[in-house]
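Hi,

Here is the structure I promised to pass on to you. Have a look at it first, and then read on for what turned up.

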Amino acid sequence: MTIEALVARYGVVAIFLGAGVEGEAAVVTGGVLAHQGLVSLAGAMAAAVIGSFVADQLFFAGGRYFRESRPIAAIRRRSAYARAIDLLERYPRRFIFAYRFVYGIRTVSPIAIGTSRISQGLFLAVNLAAAIVWGCAFSAIGYAFGNVFEHWLAQIGTERLILMGIGIAVVAVGGWFAWRKWRERSA
């Protein structure tokens, strides 16, 4: 089976999972795949919307039902949690709509909202509206700039692209370990 066939077969599933776990990069990539004709744009958008919505509902439920557990208590001690709660209390609807567009608080925010007094119904409604806007917007960005991405890939070549990917992965893993070590020392 070729890579194109795999992407055509499982691309929408990957976008769904990526939207919930990774975020923008997965959704923009879904738009690029739609531009290339490997998945439909509507399918990429739907997967992005549903993946983001479902993941955030699960994070909200986790915050709501496990707020006294150790993992949630650890999250509640983070500075990002404090920032999220402060903004949530001042602007509840706007915060619920906008958090997924703000780097650094996307994952912790629905957990923080789950530990707050925000009703499940309010979160569900605003989360759905935000997921629709976010998923469609970032898929459209990938689709609109798909030709730029294709041109860039053609200029680089397959071998260089693989080497760049390996280099980026090594730097990312090294950076993550360095960041963890720094956080341990500063804590």
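Asp 86 pairs with Arg 90 in a salt bridge, with the closest N and O atoms 2.9 Å apart; a salt bridge here is a side-chain nitrogen of Lys or Arg within 4 Å of a carboxyl oxygen of Asp or Glu. Both Asp 86 and Arg 90 sit in helix 5, four residues apart, about one turn of the helix. Helices are DSSP runs (H or I, at least four residues), numbered from the N terminus. Asp 86 is partly exposed at 37% relative accessible area, and Arg 90 is partly exposed too, at 48%. For these words, buried means under 20% relative accessible area, exposed over 50%, and partly exposed in between (1.4 Å probe, protein chains only).

Before you go further: this is a predicted model, where local features need pLDDT of at least 70, side-chain atom pairs count only at pLDDT 80 or more, and totals for chains, interfaces and linings use all residues. Residues are numbered from 1 along each chain as its sequence is written, and side-chain values use heavy atoms, leaving out hydrogens and water.

How many salt bridges does the rule give? The count comes to two. Arg 100 forms one with Asp 56, the closest N and O atoms being 3.0 Å apart. Arg 100 lies in the loop between helix 6 and helix 7 and Asp 56 in helix 3, so this pair ties together parts 44 residues apart in sequence. Arg 100 is buried, with a relative accessible area of 0%, and Asp 56 is buried at 0% as well.

Now for Arg 64, in helix 3 (residues 41-65). Arg 64 is buried yet has no salt bridge, and the nearest side chain of opposite charge, Glu 68, is 10 Å away. (Lys and Arg count as positive, Asp and Glu as negative; His and the chain ends are not counted.) The side chain of Arg 64 does reach the backbone oxygen of Ser 116, at 3.0 Å.

Finally, Leu 88, also a residue of helix 5 (residues 79-90), is buried at 2% relative accessible area. Beyond its neighbours within four places in sequence, Leu 88 is in contact (heavy atoms within 4.5 Å) with Phe 95, Ile 96, Ile 113, Ser 116 and Ile 118. In the largest nonpolar core, of 19 residues, Leu 88 is among those that touch the most other members. Such a core is a set of buried Ala, Val, Leu, Ile, Met, Phe, Trp, Tyr and Cys residues joined through side-chain atoms within 4.5 Å. Helix 5 gives the most to this core, with five residues.

Enjoy exploring!

Terms used
Helix = DSSP H or I, 4+ residues; strand = E, 2+ residues; numbered from the N terminus. Polar contact = N/O pair within 3.5 Å; in protein donor to acceptor, adjacent residues only side chain to side chain.
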